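Subject: Structure for you to look at

Hello,

Here is the structure I said I would pass on. Please open it beside this message and follow along.

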Amino acid sequence: MKIVYNERHAEHAAQKEFFRGQLVDAFEIPARADYVLQALQASDLGPFVPVVDHGRAPLERVHAPRYLRFIEGAYAEWQALGGQGDAFPAVWPIRSLRSDVEPRSFAARMGLYSMDSGSPLTAGTWSAAYWGAQASLTALDLVLAGERSAYCLTRPPGHHAGADFFGGYCFINNAAVTAQAARDAGRKRVAILDVDYHHGNGTQAIFYERADVFFLSIHGDPQTEYPFFLGHADERGAGAGEGFNANWPLPAGASNEQWFEAFEKALVQLNAYAPELLIVSLGVDTYGGDPISHFQLDEPEFRRMGQSLASLQLPTLFLQEGGYATAAIGRNVQAVLAGFES
Ligand code: Q9C
Ligand code: ZN
């Protein structure tokens, strides 16, 4: 399986994040991708393919241009104001406040363009995120050219980022940018299967009223799990998109049997849709040892996941999302990809 690696990922390097009123060591750190790289280099997966720059246009097909400009310049603005270390938002345009007027204040725009205070924005965030989207678009080129599958190794992840906001460690929604690029390249039906522990609220929202991109997700129940405000079972799409969104929220602590029961249901719906391309938002924070998540998958289950995905016989693009048990991420990702190839 060809692998596209975002070599610029480490430019996004958060130090700390807020957790229960304290600044704690960041979870979404460069070592995550380094471990995956090591594991894949030691395996017989590959070869590695260099990233091709597709420019800004494919990002603007999904994200508001003013949002992208904001992310690109945000760290410089923060520094100019005397901001020390990583940048965090502190105020949001919650219900009854206006979000249609873009304020001049940097602090206000940080809030306008974000959903939480848990996603530090660093000096290299734009660069890492931009090149991550390019890596994903490069992986798409491979699959469009006839490769059965490809894997994009990148960070920061993308699935929580909406058309005009960041959050959940995500800044550019790589899955959405890539699905839209596949549509623009003539693929008529694209499916995004999101197996990250957290609901992919950004991806869902971007395609919620569309029938040409089917979003399916298995995740921790938003009643108790991040992102809390989206990901319920009754979210089935709207307008032309009605029936083309499917969520399987599972209780924190769900068993592997529960997880695979939901997964098999998702695969049935996915198969019935007959997509021309499958994008897998591959978070491995479903791992039992994950420090911020509460499912129990382990290596045999990750392998089984890959095997089941292969049985769909679809052109498949695996895209790295979450996974925070740093030293185990490589093994877990490798198990999915090796299962797919087996
Ligand atoms: N201190 C992804 O997996 N909050 N994002 C966690 C832990 C946000 C996870 C708080 C978790 C976001 C892509
Ligand atoms: Zn996650």
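Leaving out residues up to four places away in sequence, Ile279 touches Ala175, Thr178, Ala179, Val190, Ile192, Leu317 and Leu319. Contact here means that the C-beta atoms of two residues, placed from the backbone, lie within 7 Å. Ile279 also belongs to the largest nonpolar core, which has 104 residues; Ile279, Ala139, Cys152 and Leu317 are the members that touch the most others. Helix 5 (residues 125-144) gives the largest share of this core, twelve residues. A nonpolar core is a set of buried Ala, Val, Leu, Ile, Met, Phe, Trp, Tyr and Cys residues joined through C-beta atoms within 7 Å. A residue is buried if 20 or more other C-beta atoms lie within 10 Å of its own, exposed if 12 or fewer, and partly exposed in between, with C-beta atoms placed from the backbone. As background, nonpolar side chains in soluble globular proteins tend to be buried together.

Before going further, note that this is a predicted model: local features need pLDDT of at least 70 and side-chain atom pairs count only at pLDDT 80 or more, while totals for chains, interfaces and linings use all residues. Residues are numbered from 1 along each chain as its sequence is written, and chains are lettered from A and ligands numbered from 1 in the order in which they are written.

Eight strands make up an open sheet with parallel pairing, in the order 4-1-5-10-9-6-7-8. Its edges are strand 4 (48-49) and strand 8 (245-250), each of which pairs on one side only. Helices (H or I, at least four residues) and strands (E, at least two) are DSSP runs numbered from the N terminus, and two strands pair if DSSP finds at least two bridges between them.

Strand 9 (residues 277-282) and strand 10 (residues 316-320) are joined in the parallel sense by five bridges. Opposite Leu278 stands Thr316 of strand 10. Leu282 is also in strand 9. Is Leu282 buried or exposed? Leu282 counts as buried because it has 30 C-beta neighbours inside 10 Å. Its contacts, apart from neighbours within four places in sequence, are Val195, Phe318, Leu319, Gln320, Glu321, Val333 and Val336. Leu282 and Asp194 are 88 residues apart in sequence, yet their C-alpha atoms are 6.6 Å apart in space.

Six of the six residues of strand 8 are buried, so strand 8 is largely enclosed by the rest of the structure. Side chains in a regular strand alternate between the two faces of the sheet. In strand 8, Asn245, Asn247 and Pro249 point one way, and Ala246, Trp248 and Leu250 point the other.

The hairpin and some backbone details

Strand 2 (residues 16-19) and strand 3 (residues 22-25) run antiparallel and are joined by four bridges. Glu17 has Val24 in strand 3 as its bridge partner. The two strands form a hairpin with two residues between them, and Arg20 in the turn has a positive phi of about 50°. Arg20 counts as exposed because it has 5 C-beta neighbours inside 10 Å.

Most residues other than glycine have a negative phi, and most peptide bonds are trans. Ser96 is not a glycine but has a positive phi of about 85°. Ser96 lies in the loop between helix 3 (65-80) and helix 4 (106-112), and with 5 other C-beta atoms within 10 Å it is exposed.

Where are the cis peptide bonds to look at? One runs from Arg155 to Pro156, with omega near -5°, and Pro156 is in the loop between strand 5 (149-153) and helix 6 (174-184). Another runs from Tyr226 to Pro227, with omega near 10°; Pro227 is in the loop between strand 7 (213-220) and strand 8.

The ligand and the record

Ligand 1 has 16 residues around it, of which Phe19, Pro157, Gly168, Tyr226 and Gly322 come nearest. A residue belongs to this group if its C-beta atom, placed from the backbone, lies within 6 Å of the molecule.

UniProt lists residues 28-338 as "domain: Histone deacetylase" in an unreviewed entry. Such annotations may be inferred rather than shown by experiment, and the positions follow the numbering used here, with feature names shortened. The span is 39% helix and 12% strand, and its end C-alpha atoms lie 24 Å apart.

Regards
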